[in-house]
Amino acid sequence: DSRGGIYASKGLDIPAVVKFKQSTRHLKAAYCEGSVCNIVDHDTITNEELLALDVDVLIPAALEDQITVKNAGHIRAKLIFEAANGPITPDADTILDKKGIIVVPDILTNAGGATVSYFEWVQNRTGNYWTLGEVHQELRERMDVETDNVWNLAQEKKLSLRVAAYVHALRRIEEAVNARGTKTFYMGEV
């Protein structure tokens, strides 16, 4: 969590760790006092050590500015999903890109929550309420399309996913402005 971590090369009892975290609101196991320490043998690690672990996927989900120029060179993950807002600084983002690490930016990773908030707004405005299944189906369809759009743009223009997400967003704004008949917004070619 944001205060520290535990690591076990053979794996952790995730349901037990989650249950403990939910009941206490922090991982005392990181400090081994009145905690889940006995669940499995583990090492206490710092957040810096956690970020540098040899993993396939890294999901910084707690705090912003956790991956910086100071530690970006130590990141060994092949793929990073930003679940926190802004966990990677712009300079670190450049380093990760040069290392060939794929970063799925927070704007894309967290888009589902904003999209469902929009669905709620639409339903409240129209008085047409969807089932949970309908919400999931609509979300999946939209996220699949938009994720594909960003991925394809990144591949086509040789951009990072972050830059591709921004370019895609600006193109959508340009389309909306132009659809209103206002021709003052022009992004040009990217």
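In which crossing, left-handed or right-handed, does α6 pass α7? The legends below take up this question after an overview of the chain.

**View 1. The whole chain, with 7 helices and 5 strands.** This is a predicted model, in which local features need pLDDT of at least 70 and side-chain atom pairs count only at pLDDT 80 or more, while totals for chains, interfaces and linings use all residues. Residues are numbered from 1 along each chain as its sequence is written, and side-chain values use heavy atoms, with hydrogens and water left out. Helices (H or I, at least four residues) and strands (E, at least two) are DSSP runs numbered from the N terminus, and along the sequence they follow the pattern β-α-β-α-β-β-α-β-α-α-α-α. Of the 190 residues, 30% count as buried, where buried means under 20% relative accessible area, exposed over 50%, and partly exposed in between, with a 1.4 Å probe and protein chains only. The chain exposes about 12,400 Å², of which carbon and sulfur atoms supply 53%, as computed by the Shrake-Rupley method with a 1.4 Å probe.

**View 2. The crossing of helix α6 (residues 132-157) with helix α7 (residues 161-179).** The two helices pack at an angle of about 115°, with their axes 8 Å apart; axes are lines fitted to C-alpha atoms, for helices over the stretch in contact, and angles run from 0 to 180 degrees between N-to-C directions. That angle makes α6 roughly perpendicular to α7, in a scheme where angles under 35 degrees count as roughly parallel, over 145 as roughly antiparallel, 65 to 115 as roughly perpendicular and the rest as oblique. As for the opening question, α6 passes α7 in a right-handed crossing, the term for a near helix turned clockwise from the far one by less than a right angle, with anticlockwise giving left-handed. The contact (heavy atoms within 4.5 Å) is made by residues including W151, L153 and A154 of α6 and A164, V167 and H168 of α7. Its residues divide into 8 nonpolar, 2 polar and 4 charged, with Ala, Val, Leu, Ile, Met, Phe, Trp, Tyr, Cys and Pro counted as nonpolar, Asp, Glu, Lys and Arg as charged, and the others, Gly among them, as polar.

**View 3. H168 in helix α7.** H168 is buried, with a relative accessible area of 15%, and, not counting residues up to four places away in sequence, H168 touches E146, N149, V150 and L153. Between H168 and A154 the C-alpha to C-alpha distance is 9.6 Å, although 14 residues separate them in sequence.

**View 4. The crossing of helix α5 (residues 111-126) with α6.** The axes of these helices come within 10 Å and cross at roughly 130°, and α5 and α6 are therefore oblique to each other. Their crossing is right-handed, and among the residues that meet are V116, Y118 and F119 in α5 and V135, L139 and R142 in α6. T115, which lies in α5, counts as buried at 15% relative accessibility and touches L139 and M143, not counting residues up to four places away in sequence.

**View 5. Two loop residues, D65 and K158.** D65, in the loop between β3 (57-58) and β4 (79-81), has a phi near 55°, a positive value in a residue other than glycine, and is partly exposed, with a relative accessible area of 41%. K158 lies in the loop between α6 and α7; its phi is near 55°, again positive in a residue other than glycine, and K158 is exposed, with a relative accessible area of 73%.
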